[in-house]
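Q: Could you walk me through this one while I have it open?
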Amino acid sequence: MRKLITIVLFVIVQISFAQNFKFGKVSKEELQETSYMSNEDVNAAVLYREEYITFEFVSDKGFIQKKNVFERIKIYSRDGFKNATKSLKYYDSDSRNSETISGLKAVTYNLENGKIQKTKLKSNGIFKEKKNKYWKTQKFTMPNLKEGCIVEYEYTLTSPFLGVDEVYLQQIIPIKKLDFRFEAPEYYNYKKYINPQAIYLPSISDEEISKSITFSSREEAGMGGSGTTRSQKQVSKESVRYKVVKANLVNIPALKEEPMVSNINDYRSKLVLEIDFLKYPNKPIKQLSTTWEAVASTIYENEAFGGQLDKTSFYKDEVDALITNSSDNFEKVGLIFNFLKSKVKWNGFVGIYSENGVRKAYNSQTGSNADINLLLTSMLRYAGLNANPVLVSTKENGVPLFPTRDGFDYVISAIELPEGLILLDASSTFSSPNILPTRALNWKGRMIKEGGTSTWINLLSSNTSEHKVFMNYTINNDLTVSGKIRDQFTDHYAYKFRSKFFNVSEESIIDVLQEKSPELMVSDLDIKNMSNYKPILQSYNFTLNNALDKIGDDIYISPMLFLVSEESPFKQEIRSYPIDFNHPFINEYMINISIPEGYKVENLPENKAVKLDDNNVSMFSYLLNASEKSIQLKVSFNFNYSAVPAAEYPTFRQYYNSYIEKLSEKIVLKKL
Amino acid sequence: MNKITFLIFSFLFLQVYSQEGPLYQSLIISDELKENANAVIRLNEIYITIESYDKMIYSNKRVVTVLNERGSSKVGAYVGYDNNTTVKKLQALVYDVNGKEIKKFKKRDFLDESAVSGGTLYSDSRVKYLNYIPIKYPYTVEFYTEVEYRSTAFIPNWEPLEGFYVSTENSSYILDNKSNIELKIKASNFDGFNIIKDSRLSYSAKRLKAINSESYSPNFEEYVPNVKAALVDFNMEGVRGSNTNWKDFGRWINESLLADTQNIPESVKQEVVALTKDAETALEKAKIVYEYMQSKTRYISVQIGIGGWKPMLAKDVSKLGYSDCKGLTNFTKALLKEVGVESYYTVLYAGDNIRDIDRDFSATQGNHAILCLPNNDDYIWLECTSQTVPFGYTANFTDDRDVLIIKPEGGEIVHTKKYESIGNKQITTSKIYFTETGGFKAKVSIESYGSQYGQHERIQRKSKKDQKMHYKNYWNHINNLDVNLVTFENDKNAIVFSEAIDVEVEKYASNAGDRLLLNPNFFNISEIIPKEYSYRTLPIKIDRGFLDIDEYEIDIPESLIVESLFKPIRVSTQFGDYSCSITHENNKLIYKREFLVNEGLYQKEEYEAFREFLLQVAKNDNLKIVLKLK
C-alpha cells in the first residue's frame, strides 16, 4: 500500500513539472516548442546542461576526478543541426596516466503523430580518432534529426589528474538552464575565478557537505630478512568534508561572434578552478597554487628553460667571429638577431620550454619558439648584453585568470639598456627590435632575470606606426591622371609590409597595388629597406583612367583618388567586443595636384579638423590650399591607442564615417 | 620472383642516384625553367607494376627544388593509405642550394594523420607526410616511396605539369603490366609539349615550362598533358570489378555497388506510397518523394572502406537521417523505386567550374553523385545533398557537363541541363526618395532566376542580423546604409526568388559646393574587372552567362534642380551587351540599365576586347549626374 502511494505521488510530481531534467525525460511541450523565447534567429538552444565534477575514492588509486556531463539540446531549424555533432577530446597517451570516456549515450527525440519517438545513437555511430601522440577524440553525429527535435547525450570523463578543465558557462547557442557542481574532498583545495572580461557574469556559490567514504589501501609489510613481502588490506570508513562550488543559472545568452576579435574565448563566460594546496591529515600543507613570481621562478629553474641559457660551447666560435669587430651594443644586437634568424627557423610550435635542448635546435637549424628565443637570450648574454627571457601568453592562449604555468605559452627576449627595453623575437622572420609579431601582442610579459627574480613588462607597443604618403599628379588632356607616389611605412606597418611582400615578385606587388582601382596602372616600382629594419620606402609611377567625372565643362575629382577606400570597414552598428588595432597609428597624406591648362578651381571642399573626443584618442584633419597652377592637400588620421572599446564603437564608427565622407567630397574644376 | 625484381629495381635506383649528382643542386637550373616557377620538378619517376587484378606496386622517385615559400606545397612528399595499402618504403632527403645533404627523413620520421577533409565526420583514410621546415631557399627534396595496393581501381595518372607556377625538368611514367589483364591507356594534350612516347606504356617529358594562372580560362586538366590508365579487370577494396567500356563499368557499379543497398524499411515504403497515392504522373510522384527525402535527411560524410564508391545502405540512411552524396542519392533512388518511378544513379565532377567525365575513357572518374530522372526524351537531375534546393535545380554545381548515368543495362555518358545566359536573370526595381542633403530612402525589389536564383536564395537562411549585413556588403558602395525591412518570397515551383528590402541612408551623393554629384545607378554597380595580362596565353572561358535588368524611379525634392544628365549609353560586343539611360520627367528621374554577358569559349586574342567591354560597363555604371540647390 505504501508503495502504491509513492508511485502515485511520483506521477503527480511528474505532471506538475513540464520539464524534467533527467536523461530520457523529454516532454511533449519541449518538443512542441517552435522558437527560443520568440527569437527566430536562434536555431538551437541548450535546454539543460548539467556538469558535475567530483573526486571519487578508488581503492589503490586514491581520489579520481570524475566529470559527468549531460546536455539536452533543442533544435528549432535545419541550421541548428550542426549542434547535434559533437567531438569530445581527451588526453590519452596510451600510458597509465590517461583519461577515459565512458557511459557515452545519446538519443534523438521527435514528435511523431503526437507520440514521442526515440532514436538511439548506436555504438558504430561513435568514431574514435587518434589526433596525435597525446590526444584522442570521440566524435558522433545524432541520427534522425528533424526540425523541432531534441537530442540528449551524456558521458563521464575520468581523469587521474588534479587539474580541472575550464568550465564553459556560455556557448555559441543560448542555454536555458545550467547546473554546475564541483566537489573536492577536504584534502584538495581549489581557488575559483570567473572570467572578468565576459559580458555575461554568472553567480557562483559555495557550500560544504560531508560524505562517508570507505578507504581501503594495501600496506606492504616486510617479513623479516627473508626478502618476501606480503600486502595487507586496510579498510576504514570515514566522514570526509567536501567543498562545493556550484552555479545554477538560467537564460544564459549566446556567445556572440564578431569580426575583428583576436580571441573570442577571452570574452566567454567561464569558471576556472585552480588547485591551491593539498592538505592530508597529519601532513604539512603542500602548496600548489602560486604567485606569478613563483610561477616564473619555477619555470626558470626547469632545465628546459633556465638550464638552456648558459650553454654556449656549440655557438661560441660562430658568435665570436660575428661580433669580433663590433664594439657598439646596438650593432651586436642586430648582428646576433639577424644571424640567429637566418640560422634557426621556427617549426611552428609554441611553448615555454626548449623541446630537445637549444643545442639540438641550433644544429638541426629548426626549433620551437622557446628554443629560438632562449638561444637568442643566451647569445646576447654571451656577447655581454643584459638580456633576459620574457614569458608571454599569445593571443591564442588568451589572458590567464590566475597565476599558472599554462598562463604562458611563448617566450621572447628583452635587453635592458639605459635607453630602455628592447624586445626581440627571433622566431618571426619579419619582427624587428621592439616590433613583435601580432601573435605576441597580448596582455603583458614576465621578464625573468638571472637567479629567477621576475617583473612585469609592457608588450603593447606605445610607438606609433606611421604610414606617410606623398602623391603628385597631373590631370591630362584626355582626362586621365598620371603621377608619382612615395610611401613610407614604419614599425608595425613595416612589419606587415614585409610579411606580405618579402620575396614576392615585383609583378605580383604591382598586381596588388593595381587592385586599388579598376584602371590603375603602376610602373617603376621601387622598394627599399625590405631586408633591414629601417622604414620601408616605396615609390612608383601611376596612370589612372576614369579617375574623374567630366560633366558638361566641369571636372569633378576626389583628390585622394584611390589612396583610402571609400568603403567603410565598420558596417556593424554596435559591437560586443573591442576592435583590436594592435598598435597606435598615424596615416598622413601629402598630395599635390597640377591643374590642367585651361581650367580653374570652381569649388574646393572646406578645411576640417575633427577630434573623436576630448581625450586625445584620435583626430583627423583635412587641409586644402589652392593656387592658380596647383592644389595642395594634407590629410592626417591618427589613433593613439591600440584598440577601440566596444562601448565607444558607435561613436568611433560615426567619426570614421565622417572622415570617409570628407574624403569623398569633390573638387570642381571649371573650363576657362 | 618478386624479391628479385625488387632487388634489381633498387640496384638501378642506386645507380641513378650516383650518376646524377647535379640533380640536387639548385644553382644549375636553367632560366627557362625558373621563369614564373615557385618550384621545379627536377625528376619525377613513376613506376607502376601491376602484378594481378588485386595487386599493384607503385614506386616513385621524386626530386623537387623549391625556389620560394609558395613552392613548398609542390614537394609532394606524402602518401595516403588505408587498410588495403601497405607503405613499404618511405624516405626523404633534403639538400641545400649546393646539393649538399642537410637532412634525412626515414619512414618513422614522417607524420601520420587522419586524411579527413573539411565536412567529413570520419574517414579511415590516413596520410603520412613530410614535415620539413625550410631554412633557406632554394632547397631540394628527394623523395622515394614504394606502396603496395590491393585495390587496382585507381591507378595513378601521369600529369607531368603539376599545376600553375611549377615547371618540370624530367618526368616519366612507366606501367609494367605483369598480369594478363588488358590495361587501357589514354594520352591527352601532348601537342606543343616536349613529351616522348617510348611505348604504349612508357612516357617521358622534358623541360616543361611553368604555366601562369589566368582568369576566365578553361580547367587546367583540359589543356595540360596527361596519361590515364585503367585495368579492364580490377579490385576495389576487396570487390572485383570489370571495365571494358562505360556500359560494362556501369553494369558493374549497378550490380556490385548499388544492387544490395536498396532495401528500405517497410514503414518508410508505406509512407512514400501513401504520400504519392494521389499523384498522377511519374514526375509528380518524383517531386513528392524528393521533397520527402529532403525533409528527412542531411549531409554528413563518413568514409569507411569502400565508402569512397559504395553508397551507405538505404535502410541505414533512412534510420540515421544522414549520409553523403552517394548515400542520399541512392536512398532517393530506392524510395522512387517503391513508388514505381525509375531513376539512375549518376557519377560526375561537381563544382562551379564545369568539368566533364572523359567520355572516351571508362574508369573511376568523378567526385560527386546525383540522381537522374528520365523524363520523355530528356532528363531531370536531382541534387540529393541539399535540403532546400528546388526539384530539378542544378545550376552552378552539376549543370552543363558530361556525366555517367548507371542504367540497369549499363553505364552511359549523357550531358546535364545547361542554363542559358538570358535565363540567368536578375531584375532589380526600386522606388527611391532622394533628399536634398544627398541621402535617400528606397524600396528595392530583386527577382532572380536561373543560375542567379542559386546565388540569391541562400540569403533567406541567414539570421536577421546577417541578412542586414549581407545587404550592407552587397551594396558596399553605400556607406552607413540602414537596412530596415527585409522580406523574401521563394517560389520553388517556378524557381524564382524575390527579395524586398527597405533601405535608408543619410548621405549617398557627394558634395561639391552647392552641387550634389549623384550616381543614379543606386543598386547594381558591376565590379567585374578582368585582370590585365601582357601576354594572354589561354583561351577565354565563360561557364555561365547572365542578364541583369535594373529600373529605378527616383523622386527628387523640389529644392533641387537637375543641372546635368548623361546621354543614353549602348555597348554591344560578342561577349554581351550593355545599355543605360536616365530621363527626367517632372520631379522624377528614371534610370534604366541592362547588362548581358554571354557564356562561351573565345580565342585568347579576344581577351583585350573582353576586358575592354567589362571596363566600359564598370565605367558607365559610375556615370554621375549633377543636382543643384535652388
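**Sheets, interface and confidence**

Q: Let's take the sheet with 8 strands in chain A: what is the strand order, and how do they pair?
A: In this predicted model, the 8 strands make an open sheet of chain A with mixed pairing, and the order is β25-β26-β24-β23-β30-β34-β33-β32.

Q: Which are the edge strands?
A: The edges are β25 (520–528) and β32 (608–611) of chain A, each of which pairs on one side only, and from one strand to the next the twist averages 10 degrees.

Q: And how many bridges are there between β30 and β34 of chain A?
A: Strand β30 (residues 585–594) and strand β34 (residues 630–639) of chain A are paired in the antiparallel sense over 10 bridges; I586(A), for instance, has N638(A) in β34(A) as its bridge partner.

Q: What does helix α8 of chain A touch on that sheet?
A: Helix α8 (residues 491–501) of chain A packs on the sheet by touching β23 (465–475), β24 (481–489) and β26 (536–544) of chain A, and its direction makes about 70 degrees with that of β23(A). Helix α9 (residues 506–514) of chain A lies across β25 and β26 of chain A, where it runs at about 125 degrees to β25(A).

Q: Now the sheet with 5 strands in chain A: what order there, and is the pairing antiparallel or parallel?
A: That open sheet of chain A has the order β20-β19-β18-β21-β22, and its pairing is antiparallel. Its edge strands, each pairing on one side only, are β20 (420–424) and β22 (454–458) of chain A, while neighbouring strands are turned by 35 degrees against each other on average, with direction ignored.

Q: What about β18 and β21 of chain A, how many bridges do they have?
A: Strand β18 (residues 387–392) and strand β21 (residues 444–448) of chain A pair in the antiparallel sense over 2 bridges, and V390(A) stands opposite M447(A) in β21(A).

Q: Which strands does helix α3 of chain A touch?
A: Helix α3 (residues 292–301) of chain A packs on this sheet through β18, β21 and β22 of chain A, its direction making about 55 degrees with that of β21(A). As for helix α7 (residues 369–382) of chain A, this helix lies across β18, β19 (410–417) and β20 of chain A and runs at about 20 degrees to β19(A).

Q: Switching to the interface: how many residues of chains A and B are in contact?
A: There are 35 residues of chain A in contact with 38 residues of chain B. On the chain A side, β6 (126–130), β7 (135–141), β27 (548–551) and α10 (649–664) each supply at least two residues, and α10(A) gives the most, with 4 residues.

Q: What's the make-up of that side by class?
A: The side of chain A that touches chain B has 9 nonpolar, 13 polar and 13 charged residues.

Q: How are the domains of chain B laid out?
A: The domain assignment of chain B gives domain 1 (2–231), domain 2 (243–415) and domain 3 (421–629). The centres of domains 2 and 3 of chain B, taken over C-alpha atoms, are separated by 39 Å, and 6 residues of domain 2 are in contact with 6 residues of domain 3. On the domain 2 side of chain B, those residues divide into 4 nonpolar, 2 polar and no charged.

Q: Last topic, where in chain A is the pLDDT below 50?
A: Chain A averages a pLDDT of 90, with 95% of the residues scoring at least 70, but residues 1–17 of chain A are below 50, and that stretch has 1 contact in the model beyond near neighbours in sequence. Residues 221–228 of chain A also stay under 50, and for them the model has 7 contacts beyond four places in sequence. Where pLDDT is low, the predicted coordinates should not be read in detail.

Terms used:
Residues are numbered from 1 along each chain as its sequence is written. Chains are lettered from A and ligands numbered from 1 in the order in which they are written. This is a predicted model: local features need pLDDT of at least 70, side-chain atom pairs count only at pLDDT 80 or more; totals for chains, interfaces and linings use all residues. Two residues are in contact if their C-beta atoms, placed from the backbone, lie within 7 Å. Ala, Val, Leu, Ile, Met, Phe, Trp, Tyr, Cys and Pro count as nonpolar, Asp, Glu, Lys and Arg as charged, and the others, Gly among them, as polar. Two strands pair if DSSP finds at least two bridges between them. Axes are lines fitted to C-alpha atoms, for helices over the stretch in contact, and angles run from 0 to 180 degrees between N-to-C directions. pLDDT is the predictor's confidence in each residue, from 0 to 100. Domain bounds come from an automatic or database domain assignment.
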